[in-house]
Amino acid sequence: MEKQAWESLQAPAFKNKTPGGPAMKISSVELFHVEIPLPKPFYPTWIPGYPQTHNSFTLIRLTTKCGIEGWSAGAAMGHERQGLGELIGGYLIGLDPEDIETANQRLKEASYLGWRNYWIEPAFWDILGKSKGKPVYELMGGTARPVEFYCSTGEMHEPEKRAEELLAIREKGFKTAKMRLKNIKAEDDIRHVNEVMKRVGDKIRVSIDVNQGWLVTMLADIPAWTLDRATEFVKVCEDNGIAWLEEPLDSRDYDGLAELRKRSGVTIAGAELNYGWNEVKVMIEKGSFDVYQPDSTFCGMADAKMIMDTCKKQGLGFSPHTWTNGIGLMINMNMWLADKDNNIPLEYPMETPSWVPEARDGILEQPVIPDREAMYQPPCEPGLGIKISPKKLKKYGERFFKLTEFGLKVKIVKEKGLKQAIQMSKQQKQRQKNKA
């Protein structure tokens, strides 16, 4: 299945039969720490008890010799990627952005020594789209069409307050919204659902995310759900007409999720943080989910495309996860648009008054804001449609690493010596000659 899925991804528009040439090689890598202050502290359910005061992420800009820029970003707690440039720079300089397969191999190799680096891969797609003069979603077989969003909240609130908020979300035009639950006791989760739905009724479709897929207990002792607890909860969801339930068990409990799906009368969704295609193909084979929600800033766009294509072939749902930042939202919007037949709304992260579009999308020229029907006109310019404001990046960002092609050569000479540097250069040139 894996080989077939990858071959299906290799559409003529970007299959690397003929390299892009020297001018298309990556010649510069830049990394930035970005911290955008939130108007109010944000208490995400995925880290219970943790007050988030900034939208923090690592931003990357890749530049080719001919001047084409590619952007991407990875969610961060702070400056934990301070040393990433020293690790990743040498893997990226000289790569051909049109060769997505090799780019992913290099990112995989770098991950053996540290971070998962697939959030960098969309920057290659951004360059590829710009070089081809097309939006990335068109390269993947999609078409420009209005994007329908559903509102995805991020905090757990008491039922009365959350019900009022859901009704206010409906007034803004959203037909569907997602609420969060993260109680210690099962009876409190059940109470939440019953009371919220009693107040909301059928005025808005409601889904629930219980964030059991990747449990964090840094500040609060939230128990991991068992299959029995999840089974009890899905019955409550079914009785209340919940649209879908996300991440009800550990994200690698493939068999438990498959069994829960058999028992459930409610759609089960997840896979936002699973390690791309190699994990998700097992989940699909075992029947773990009804709807798959990979995030291209966690697994890369190539893997997300394989997941999307396989879901389509097997009649499963697909709708990307987007809870990262404005750059991540744009990247995953391209993935949503890549499936021109997709009718599942795309996640729109918002928790007023803390996680608001202006803070979520803080370094973009304009925040992504849907119309009064929760619809958004897609970007039609080449690439991912990410427009970084230099002024806002200067205000909220700090560049902590830059490496150029010349800088890499100097670095190798200093570290390895001139003789070894010359030998390595010869090996690299011979390798490129053999590939050609």
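Is Phe42 buried or exposed, judged by its relative accessibility? Phe42 counts as buried because its relative accessibility is 0%, where buried means under 20% relative accessible area, exposed over 50% and partly exposed in between, with a 1.4 Å probe and protein chains only. This is a predicted model, in which local features need pLDDT of at least 70, side-chain atom pairs count only at pLDDT 80 or more, and totals for chains, interfaces and linings use all residues. Residues are numbered from 1 along each chain as its sequence is written, and side-chain values use heavy atoms, with hydrogens and water left out.

**Confidence**
- The average pLDDT (the predictor's confidence in each residue, from 0 to 100) is 92, and 92% of the residues score at least 70.
- Over residues 1-19, however, the pLDDT is below 50, although this stretch has 35 contacts in the model beyond near neighbours in sequence; a contact means heavy atoms within 4.5 Å.

**Aromatic pairs**
- Eleven aromatic pairs are found in the whole structure, a pair being rings of Phe, Tyr and Trp (its six-membered ring) with centres within 6.5 Å, called stacked if the planes are under 30 degrees apart, edge-to-face if over 60 and tilted for the rest.
- Phe42 and Trp323 form a stacked pair, with 5.5 Å centre to centre and 0° between the planes.
- This pair links distant parts of the chain, 281 residues apart, since Phe42 belongs to strand S1 (residues 26-42) and Trp323 to the loop between strand S10 (317-318) and helix H13 (326-338); helices (H or I, at least four residues) and strands (E, at least two) are DSSP runs, numbered from the N terminus.
- Trp323 also counts as buried, at 8% relative accessibility, and ring pairs link Phe42, Trp46, Trp323 and Trp355 into a cluster.

**Surroundings of Thr153**
- Thr153 lies in the loop between strand S4 (147-152) and helix H6 (159-171), and it is buried, with a relative accessible area of 1%.
- A polar atom of the Thr153 side chain lies 2.6 Å from the backbone oxygen of Lys178.
- Leaving aside residues up to four places away in sequence, Thr153 touches several residues, including Arg162, Met179, Trp323 and Glu351.

**Charges over rings**
- Arg252 lies over the face of Tyr275, 4.5 Å from the ring centre, where a charge sits over a ring if NZ of Lys or CZ of Arg is within 6 Å of the ring centre and within 35 degrees of the ring normal.
- The charged end of Arg360 likewise sits over the ring of Tyr348, at 4.3 Å from its centre.

Conventions. Polar contact = N/O pair within 3.5 Å; in protein donor to acceptor, adjacent residues only side chain to side chain.
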